[in-house]
Amino acid sequence: VQLQASGGGLVQAGGSVRLACTASGTFFNIYNMAWYRQAPGKQRELVASIDPIGSANYAATVEGRFTISRENAKNTVYLQMNSLKPEDTAVYYCNADIRLQSGYRRNVWGQGTEVTVSS
């Protein structure tokens with residue numbers, strides 16, 4: 001089971017970026033999906049999470065600017081980031097709690113996609 005993230009890049013402050021992350025491989029279903037980020041010299045932090053029915057939670061620093069969503073049929077989670085600030089610069093990682101066909105649950109990380117916000 002793998003998570004493949006895409007959509008990062010360089011954007012000016014005030015701009016927008018949309019990240020996507022798709023799960024591939026053989027599994028039964030996906031529980032919570034989330035986006036984390038890690039800025040240079042800082043610890044990885046939770047940005048937003050979403051459960052299978054679409055209930056979302058956000059870090060206070062992004063509430064009102066970022067929107068997490070998912071398409072269960074495509075095993076994909078998105079992060080729409082608006083009104084970006086230089087302090088949003090980080091490597092963004094997707095994460096998913098996946099139930100394998102064996103019945104075991106596995107927590108999976110994507111490879112990370114870099115977002116750089118210039119002032």
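The largest pocket of this predicted model has a volume of about 170 Å³. A pocket is an open set of points on a 1 Å grid over the protein atoms alone, where a 1.4 Å probe fits, with protein on both sides within 12 Å along at least five of seven lines. The volume is the space filled by probe spheres set on the points, which are joined across faces, edges and corners. Arg 37, Ala 39, Lys 42, Gln 43, Glu 45, Thr 61, Glu 87, Asp 88, Thr 89 and Ala 90 line the largest pocket; lining residues have an atom within 4 Å of a point. By class, this lining has 5 charged, 3 polar and 2 nonpolar residues. Asp, Glu, Lys and Arg count as charged; Ala, Val, Leu, Ile, Met, Phe, Trp, Tyr, Cys and Pro as nonpolar; the others, Gly among them, as polar.

Residues are numbered from 1 along each chain as its sequence is written. In this predicted model, local features need pLDDT of at least 70 and side-chain atom pairs count only at pLDDT 80 or more, while totals for chains, interfaces and linings use all residues; side-chain values use heavy atoms, with hydrogens and water left out.

Next comes the core. The largest nonpolar core holds 31 residues, of which Leu 19, Trp 35, Val 47, Phe 66, Leu 79, Met 81 and Tyr 92 touch the most other members. At least two residues of this core come from each of S1 (2-6), S3 (17-24), S4 (29-38), S5 (45-50), S7 (66-71), S8 (76-81), S9 (90-99) and S11 (113-118). Strand S9 gives the largest share, 5 residues. Such a core is a set of buried Ala, Val, Leu, Ile, Met, Phe, Trp, Tyr and Cys residues joined through side-chain atoms within 4.5 Å. Strands are DSSP runs (E, at least two residues), numbered from the N terminus.

Phe 66 has contacts (heavy atoms within 4.5 Å) beyond its neighbours within four places in sequence. Among them are Arg 37, Val 47, Tyr 58, Leu 79, Met 81, Asp 88 and Tyr 92.

The structure holds 1 disulfide, meaning a pair of cysteine sulfur atoms within 2.5 Å. Cys 21 and Cys 94 form it, with their sulfur atoms 2.0 Å apart. Cys 21 lies in strand S3 and Cys 94 in strand S9, so the pair links distant parts of the chain, 73 residues apart. The torsion about their S-S bond is about 55°, so the disulfide is right-handed.

The table gives burial for several residues. Buried means under 20% relative accessible area, exposed over 50%, and partly exposed in between (1.4 Å probe, protein chains only).

| Residue | Relative accessible area | Class |
|---|---|---|
| Cys 21 | 0% | buried |
| Cys 94 | 0% | buried |
| Asn 95 | 7% | buried |
| Asn 75 | 25% | partly exposed |
| Gly 103 | 37% | partly exposed |
| Ser 83 | 42% | partly exposed |

Asn 75, in the loop between S7 and S8, has phi near 50°, a positive value in a residue other than glycine. Ser 83 sits in the loop between S8 and S9. Its phi is also near 50°, and Ser 83 is again a residue other than glycine.

Asn 95 belongs to strand S9. Beyond its neighbours within four places in sequence, Asn 95 is in contact with residues including Leu 3, Asn 32, Tyr 36 and Trp 109. Asn 95 and Val 77 are 18 residues apart in sequence and 9.3 Å apart in space, C-alpha to C-alpha. Gly 103 is in the loop between S9 and strand S10 (105-109). Gly 103 and Asn 29 lie 74 residues apart in sequence, and their C-alpha atoms are 9.9 Å apart.

Conventions. Helix = DSSP H or I, 4+ residues; strand = E, 2+ residues; numbered from the N terminus.
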